[in-house]
Structure formats: structure tokens, C-alpha cells
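Hi,

Here is the structure I promised to pass on. Have a look, and then read my notes below.

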Amino acid sequence: MPVDEVIRWFREHGYHFTFITDHEYFTDVAPLNALFAGANRFLVIAGQEVTQRVADSAHTNGVRQAHVNALGTTRLVPTLGERNVARGITIAETYARNGAAIRAAGGIIQVNHPNFIWSVPLADMMNLPDSTLFELWNGHPIVYNQGGTDSTGNVMLSTEARWDSVLSHGKLIFGVGDDDSHSYKPQDAENPDMARPGRAWIWVRADTLSADAIVRSLHRGDFYASTGVTLRDLKIDPVQYALEIAPLGDRRYLTEFIGQDGKVLARSTTLRPTYRITGSEGYVRARISDSSGRMAWTQPLKTR
């Protein structure tokens, strides 16, 4: 779809901001903001999906997918290798090199859909720098957030289990929910196999609706990811981790506080769940689910 129609969809559906992350194309957002932006109401922020691939003759089609988003950048970030295929290096090395290029272009890096075509070994995520973003929940139907085991017993972890593995390794990375949307045609609206908008998003705490404020909040992890659960408040300090859920209708809610190795530390069915921090958890994060299957995930706090 033309980019102005995409932007119109998000504004008309109540979003406050969106990043444009087309593959290998940097969109000048100034004309879009001239048409659609409104002070403290809506904003378009520049970005790009860096469609990095890594040669691996033993993998599907001879390549592994190592896509990353460049968020808040000021220019196009080129991929490594001829025709986007890097040779003789690991996925982890492409994350490091592309991350440096994204930072040099004024942005922050987001690691995209590690289970897409079952591409990213967990080991390649273990040395991501602190404050890296990664797609905890991607709304595209074929990126396999839930992971799975093949007929030979080969296990690919869910994106959430990957997150806990990296956090348990001592790293602090932040989980994002987003659409990865490709289809905006009205006739595709009810097709679950199409990459539709409106399936996952983030709520960001920022003092102003500006690109700088949004990117700064993302960098420090002052946001949460959602597929439909909304929080009224989120307060995290060294003593306690406290949430307030905004209820919708008569839905019921379960909050799970999660720590080292993905261990569930405590559960709550109240609308104001609170966890008292002991200091021995390694980290604490929260996962909230409702009775319709919608979810939200808050960012981890290191406790030691």
C-alpha cells in the first residue's frame, strides 16, 4: 500500500506514533508528518528494516535470516555482503556490525523475529549489548513466536524463552511487540494468514510526543509490549514491582512475576498486582494475560 495510506490506518486506529521500517528503504517522514502529525496526538518516526542474511549451506535455501530494525535513524543503513548475504561471519557478528552502523546513523537496534525460518541460534543472541530491543511478539503469522520442535527433536525456543535465557545470562534486553504488517487491503481484514496491522504494539512512557523522547524511552526500557492488555500504571523500584491493570469489560487477569531462568516467582489475579523484591531473583519482569488470550509484557529489572 502507499505509505500515506498505511500512516492513515494507524492514525485512524488510535495510535500515537508509528515507525516506518521498510526493507532497504529509508522514508523521509517530514512530508508524512506535515500531512498527518498533530502536537501530542500523532507522529511518524523514521526507520528501516535491515534485511540481513547470513550464508549457511546447511540451512533452508542456504541462508539464515538476521534481520534487524533501525529505529529513529537519519539515513539508510546498508546491509553486509553482496545482495544482503554476509559470508564468513556469524549472525552475532552481523548484529554487532549492523548495530554499530545503526547507532552511527542516530538510531537504536531491534533484533527481529529470531524464529523466522528457524534462523537464529540462541547462542547468537547471548552477547547482545544491554538495552538492545528484540521482537518478543511479532504479529506476522509465519515468524513462530511460540517456537517448536521438529520431527527429529530439534528444539527452537519460543521468543519469550529466548528472552529469559538472555536475561539469565546477565544481559538486559527489552521485549517489543509489533505488527510486521504487510497487508492493509480491506478484503484481507479477517484473514489470519495475512500480515495485518493492529496485532501487537508498545506503550511508551515519554514526557513529549517527539522522536527523541520516544527513542530515549525505548533505549532505557520505559515501555511495555501488548497484544491487547492495557496498564494504567507501572512503578518499578529496588523495593517493589507494581502494576495497575485497566480492565476491559468482565475479563479476568493473571499476572505472573518472572525471574531467573524463566521461573514464575509469584502470581496474582488482582488488578493491582505487586511483587516485593528480595534481591535474589536475578531479574524481575511481569507477564499479564487476560481470559480472551490477550497479553502484555513489562521490561525486566535486574535485582543483582
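First, a term you'll need: a residue is buried if its relative accessible area is under 20%, exposed if over 50%, and partly exposed in between (1.4 Å probe, protein chains only). Keep in mind that this is a predicted model, so to speak: local features need pLDDT of at least 70, side-chain atom pairs count only at pLDDT 80 or more, and totals for chains, interfaces and linings use all residues. Residues are numbered from 1 along each chain as its sequence is written, and side-chain values use heavy atoms, leaving out hydrogens and water.

Overall, 51% of the chain's 304 residues count as buried. The C-alpha trace spans about 50 × 50 × 40 Å along its principal axes.

Now the salt bridges (a side-chain nitrogen of Lys or Arg within 4 Å of a carboxyl oxygen of Asp or Glu). The chain has 14 of them by this rule.

Which residue does Asp164 pair with? Its partner is Arg285, with the closest N and O atoms 2.8 Å apart. Asp164 sits in helix α4 (residues 159–168) and Arg285 in strand β19 (residues 283–290), so this bridge ties together parts 121 residues apart in sequence. Helices (H or I, at least four residues) and strands (E, at least two) are DSSP runs, numbered from the N terminus. Both Asp164 and Arg285 are buried.

Glu256 and Arg267 also form a salt bridge, at 3.5 Å from N to O. Here Glu256 is buried at 9% relative accessible area, whereas Arg267 is exposed at 58%. Shared partners link Glu160, Asp164, Glu256, Arg267, Arg285 and Arg287 into one salt-bridge network.

Cheers
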